[in-house]
Amino acid sequence: MTVETLAAAVRSGERTAVETVAQAFARIEEVDASVGAFLELWRDEGIERASEIDRRRDAGETLGPLAGVPTALKDNLSVAGHELNCGSKILSGYRAPYTAGAVDRLLAADAVPVGRVNMDEFAMGSSCENSALAVTRNPWNLDMAPGGSSGGSAAAVAATEVPLALGSDTGGSIRQPAAFCGVVGVKPTYGRVSRYGLVAFASSLDQIGPLTRTVRDAALALGSIAGPDPRDSTCSDLPVENYLESIEDGIEGLKVGTIREVRTSALDEDAAEGYRRALRALEAAGTELVEVSVPLIEAAVATYYVLANSEASANLARFDGSRYGHRAAGARSLQRMYTDSRSEGFGSEVKRRIILGTFALSSGYYDAYYGRAAHIAEAMRHQFASAFEAVDLLVTPTCPSGAFARGERVDDPLSMYLSDVFTTPPSLVGIPGVSVPCGLDSRGLPLGLQILAPPFADAMALRAARAVELAIGFECSPEAIP
Amino acid sequence: MSLDVEEVRRIAELARLQLSVGEEATFASQLSEIVDYIDQLRAFDAGVALSGGADPEEQGVAANDVPAGGRPLLDDFLDNAPASLDRFLLVPQVKATPGGAE
């Protein structure tokens, strides 16, 4: 069942929140040994919260829009009293002292968090293989990567363990796993959702968003978690639209931009065909396709990996064994404790990125790398703004291919980074991006279309995603996890 | 631009990381490839002056932080500490103990 139908059934009393949540736990019990999405289940608390929701309904209270919906949370979202590891050994044993703003809103909407799900360590990765804690598999083919870094969120939704998961997206970490797992993933406009209580990776890029099986569910979930939060000064005060209100209005007459620099020759053959199929669906829905140019999109991956890792090298300086998490044993000086705790606690990819970021910020290289990348990101923002003067929306494939095999790219970080070629540009310029499934490749694995809109036009991106969903008629039914 | 093992070790020290000999060699090779890729940024014409980022009014970052008034987080915070004494974090001394490794 969808988020929308489940919540409606709980609100009307057609089903109880307790049975809804219990069914989710039973499904997780049944399949998660194969999928490996969950790091921890919150059974007692989940059932207790569901009972309270049922009690309030019986007392005549009106329930929230996500009433009784079992929800998975990425392991970088704080929930007071619960362990939070960010997929890392260095946060082993850490318990969040407060609850993230987005999770507060989920709870206010009467959703029921059922546990935390796996991710690449500190959200650094595109396959979920950089987790120090668990192996997560793609429900469509267990030998394939689920994508990352929100791989646990995408896999849990695709395997129908939960109808809703929250992820975070810095350079594609919601959209890419959503595409690999055949679900819908939304990176909202930067500032649309509070990042309070989200462990920071790259603060100028990080956004929280939903992963669901339908576009309507994503719209419902985004509407529930979006909005101002005085605890995050980058969170916008703009009022939140009702994303469901206009979602069935269609996209007839809209101008949709394809980007000249996105060459189908750079895609694998299946991804190119999937992209063409999606473009045909957009045309069939009444849009006019217009080619526009965003030349700096070709600089996005390099720009992203300088800016994101520079910010990460600063943000992750706090993990040094003094205040929380892992502390190396036997260090006789403060400096030694810092170095040993970090060297033991961080995994290879995190170390690699901290070193890259430290390099880009270091004396003698700052202007050539960080300064240059910041300049290009700013220019890219101008280019996207110009493109949006000519078109209402932009589209790209979400990824250059469907899911790759687990283990295929772990020893080749650059090739892993290049899978973010289409998801990094919107992150750098802060605009919303929705990945919606657009069919299967010749291996039977899902492909995604990325729909981009101007800042705070998240509703229009969702409306277009809904039109594509209807036109393509994709069904998320992974064979490996029936 | 390529990064050799010494350069990687120097940057790792700045980042308070100590790499194993194997990691140093692997990282030197991988990071050289990545930095080579990043060096393509030199070929792009950004063409506009830096404006200093997003409009602070629009983003709300100009707002003053107002203290919310003492949530009792200290105990929760100290519960997460690897070591504490009374209301303070306990860490090794700044200088190494006599006869220690440093």
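What follows is a short tour, from whole chains down to single residues.

This is a predicted model, where local features need pLDDT of at least 70, side-chain atom pairs count only at pLDDT 80 or more, and totals for chains, interfaces and linings use all residues. Residues are numbered from 1 along each chain as its sequence is written, chains are lettered from A and ligands numbered from 1 in the order in which they are written, and side-chain values use heavy atoms, with hydrogens and water left out.

**Chain A as a whole**

- Chain A has 15 helices and eleven strands; helices (H or I, at least four residues) and strands (E, at least two) are DSSP runs, numbered from the N terminus.
- Its radius of gyration is 21 Å, close to the 23 Å that the globule rule gives for 482 residues, so chain A is as compact as a globular protein of that length. That radius is taken over C-alpha atoms, and the rule is 2.2 Å times the number of residues to the power 0.38.
- Along its principal axes, the C-alpha trace of chain A spans about 65 × 55 × 45 Å.
- Of the 482 residues in chain A, 66% are buried. Buried means under 20% relative accessible area, exposed over 50%, and partly exposed in between (1.4 Å probe, protein chains only).
- Take the contacts in chain A with a separation of 6 or more: 76% of them join residues 24 or more positions apart. A contact means heavy atoms within 4.5 Å.
- Accessible areas come from the Shrake-Rupley method with a 1.4 Å probe; for residues, only the protein chains shown count as cover.
- On the charge side, chain A carries 43 positive and 61 negative side chains, with the centres of the two sets 5 Å apart. Lys and Arg count as positive and Asp and Glu as negative, while His and the chain ends are not counted; each charge is placed at NZ of Lys, CZ of Arg, CG of Asp or CD of Glu.

**Chain B as a whole**

- Chain B has four helices and two strands, and along the sequence they follow the pattern α-α-α-α-β-β.
- Buried residues make up 27% of the 102 residues here in chain B.
- For contacts in chain B with a separation of 6 or more, 29% involve residues 24 or more positions apart.
- The accessible surface of chain B comes to about 6,800 Å², with 54% belonging to carbon and sulfur atoms.

- For A:Cys128, the nearest cysteine sulfur is that of A:Cys181, 9.0 Å away. A:Cys128 is buried, at 2% relative accessibility.
- For A:Cys399, the nearest cysteine sulfur is that of A:Cys438, 10.0 Å away. A:Cys399 is buried too, at 6% relative accessibility.

**A closer look at A:Val183**

- You'll find A:Val183 in the loop between helix H6 (175-181) and strand S5 (184-187) of chain A, buried with a relative accessible area of 1%.
- Leaving aside neighbours within four places in sequence, A:Val183 is in contact with several residues, including A:Ala154, A:Leu211, A:Ser435 and A:Cys476.
- A:Val183 and A:Cys438 are 255 residues apart in sequence, and their C-alpha atoms are 10.0 Å apart.

**Helix H7 of chain A**

- Nine of the eleven residues of helix H7 (residues 215-225) of chain A are buried, so this helix is largely enclosed by the rest of the structure.
- Among those buried residues are A:Val215, A:Asp217, A:Leu220 and A:Ile225.
- Just after H7(A), A:Gly227 takes a positive phi of about 135°.

Technical notes:
Disulfide = S-S within 2.5 Å.
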